[in-house]
Amino acid sequence: IKTVKNVMSIVKADKNVTVIRIKSSSGDQCSHLGAAAADMPPQISAENCYKLLTKAKSEGAEGAKQRLYRYMSDHYLHVLRTPALYGRLTAGEREHILARRMEGRKVLAVAESSEVCDRAESRDNSRPQSPMLHAPEDHNHRRWEVLTSLPEEVPAKGSGMCTMYNYLFVAGGIRAEGDGRSRASDRVFCYNPLTGLWSQVRPLTQPRCQLRLVSMDGYLYAIGGECLFTVERYDPRADRWSQVAPLPRGSFAVAHEATSCGGELFVSGGSLFYRLLRYDSRRDEWEECPFNESRRRSTDMVARRGLVYRFDVDRERAGVNVYKYNTVVKVWLGSESFPLQNPLPFRCAVLEDRIYCVNRSQTLQFQVREQGEGFLKSSKMWVRFCSRPSSMWICPMWLGSYQL
C-alpha cells in the first residue's frame, strides 16, 4: 500500500487563474527550503532583527529597513512568538508586516491523500508518490502546478486543515502504528508558502481524528473529532492550545462541516436531520441555530459577507442545492437548485466573488454577486487526482510575486 499525499492550489491574478499542486515526496519534508528564504541575509534572525531595524532607521537605510520588514513578514509566526521583537514594533509596523504576507497572487491550496495499491513493489518498499496530473484546457489560462509537498509525518486520513496569517495548518488525523493498530494524532504541522518551509507547532491537548480546523480572529479552533465533543483554541503568539466550551452534549458525534463568519463559528452536523450550531467566542457559549428544510448531510459549508453558504449534492436528481443562512438576522433565505452533470461531493473555498468547488474530476466556480448567483457554465478545470482518495481540503493562500 502506498500513501499518496498531495496539495494543490489555484492561483488567481486579475482575470487569469493558475492551479498549483503540492505533491508528496520522501525524506525529511520539514527541511524543505524555498527560494524566498535562500536569498535572505543569513545574519538576520528574530533575536537581532529589532537591533538591526533600529540601526537602519537611525542611518536612514531604507533598503535595509525594507529587507528587515520582508524578513519579519516572511517569518511572521516566529516574529509573533518573540516578545523582544514583536512587542517593540509599533502598531503601524505590525500591520505592515502582516499586510505584506497577503500581497501577491491569490491561491487556492488543495490537499488530498489516499492509499493506492502498487503491485510492482512490496509494502515494505513502498514510498509516497505523486498522482498523475491531467493538463487542463488552456482557454482560460488555467493550469495545475506543483507548490510543495506534505511531510510524511502527516496522517493520510482524518486530518483537519485551514489557513491563518497565510500559513497552511494541518492538525490531527489517524495513522497506522508499528503494531498494526490505528491511533489518532495530536501533531500539528505548519507550511509557510513564503519560505517553502514545513515546521511543527505545539501539539493538540488531545489526539483527534475527523476534526474540523477553522481560523477566526487570529486563533485556530480544533473542533470535535471522532466521538469527541471537546473544542480547543490555538494562540499563535503564545504557541499554546487551550480548551474552550465543548459542543453541546447530544448534538452530534462528528462535526460534518465548520466555518467562521462575522467573528463566530458555525458547525453543522446530525444524522437524522441537519443541525447548525453557533459559537460566540466572547461569551464562550454554543447555541442552536434555526433549522432549515434539508435533511441531507452537506457536502461543504463556507461563509462570505455575513452569509453561510451550504452545498448539498443530490445524486438522485443530478444536481446541487445551495442554502444560505443570514448570520445577522438569523434566518435561512431559502434554497436554489442547480443541475450538475457529475454529482460527486466536493470541497469549497471563497475567493473574492466566487466559491470554488473542487472534487476529483472537476473544479466548478459558483459566482456570488448582487445581480445573481449560480455556477459558471465555462468554469470547469479538469484534473486527475489520485485514485481512491481518503480526504481532500481546499483553502485560500497568497504567493508573493517574487515566487511566480
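This is a predicted model: local features need pLDDT of at least 70, side-chain atom pairs count only at pLDDT 80 or more; totals for chains, interfaces and linings use all residues.
Let's start with helix α3, which covers residues 62-74. Its 13 residues reach 18 Å from the first C-alpha to the last, close to the 18 Å expected at 1.5 Å a residue. Several of its residues are buried, including Leu 68, Tyr 69, Tyr 71 and Met 72. Lys 65 is also buried, and it forms a salt bridge with Glu 62, with the closest N and O atoms 3.3 Å apart. Both partners belong to α3 and are 3 residues apart, about one turn of the helix. An α-helix has 3.6 residues a turn, so residues three or four places apart point the same way. Glu 62 itself is partly exposed, because its relative accessible area is 43%.

Moving on from the helix, you come to His 75, in the loop between α3 and α4 (76-80). Is His 75 buried or exposed? Its relative accessibility is 17%, so His 75 counts as buried, given that the cut-off for buried is under 20%. The His 75 side chain reaches back to the backbone oxygen of Tyr 71 at 2.9 Å, and Tyr 71 is one of the buried residues of α3. Leaving aside neighbours within four places in sequence, His 75 is in contact with Arg 101, Tyr 167, Asn 192 and Thr 195.

Now for the aromatic rings, which make 16 pairs in the structure. In one of them, the rings of Tyr 234 and Trp 241 have centres 5.0 Å apart and planes at 40 degrees, so this pair is tilted. Tyr 234 and Trp 241 are both buried. Elsewhere, Tyr 309, Phe 311, Phe 338, Phe 346, Phe 366 and Phe 375 form one aromatic cluster. Rings also meet charges here: the charged end of Arg 233 sits over the ring of Tyr 219, 4.8 Å from its centre, and that of Arg 310 sits over the ring of Tyr 323, at 5.1 Å.

Finally, the salt bridges: a search of the whole structure finds 20. Glu 287 and Arg 278 meet in one of them at 2.7 Å, N to O. Here Arg 278 is buried, with a relative accessible area of 6%, while Glu 287 is partly exposed at 30%. Asp 280 and Arg 282 are joined by a salt bridge at 3.5 Å; Asp 280 counts as buried at 7%, whereas Arg 282 is exposed at 72%.

Notes
Residues are numbered from 1 along each chain as its sequence is written. Side-chain values use heavy atoms; hydrogens and water are left out. Helices (H or I, at least four residues) and strands (E, at least two) are DSSP runs, numbered from the N terminus. The expected span of a helix is 1.5 Å times one less than its number of residues. Buried means under 20% relative accessible area, exposed over 50%, partly exposed in between (1.4 Å probe, protein chains only). Rings of Phe, Tyr and Trp (its six-membered ring) pair if their centres lie within 6.5 Å; planes under 30 degrees apart count as stacked, over 60 as edge-to-face and the rest as tilted. A charge sits over a ring if NZ of Lys or CZ of Arg is within 6 Å of the ring centre and within 35 degrees of the ring normal. A polar contact is a pair of N or O atoms within 3.5 Å; within protein, one must be able to donate a hydrogen and the other to accept it, and residues adjacent in sequence count only if both atoms are side-chain atoms. Contact means heavy atoms within 4.5 Å. A salt bridge is a side-chain nitrogen of Lys or Arg within 4 Å of a carboxyl oxygen of Asp or Glu.
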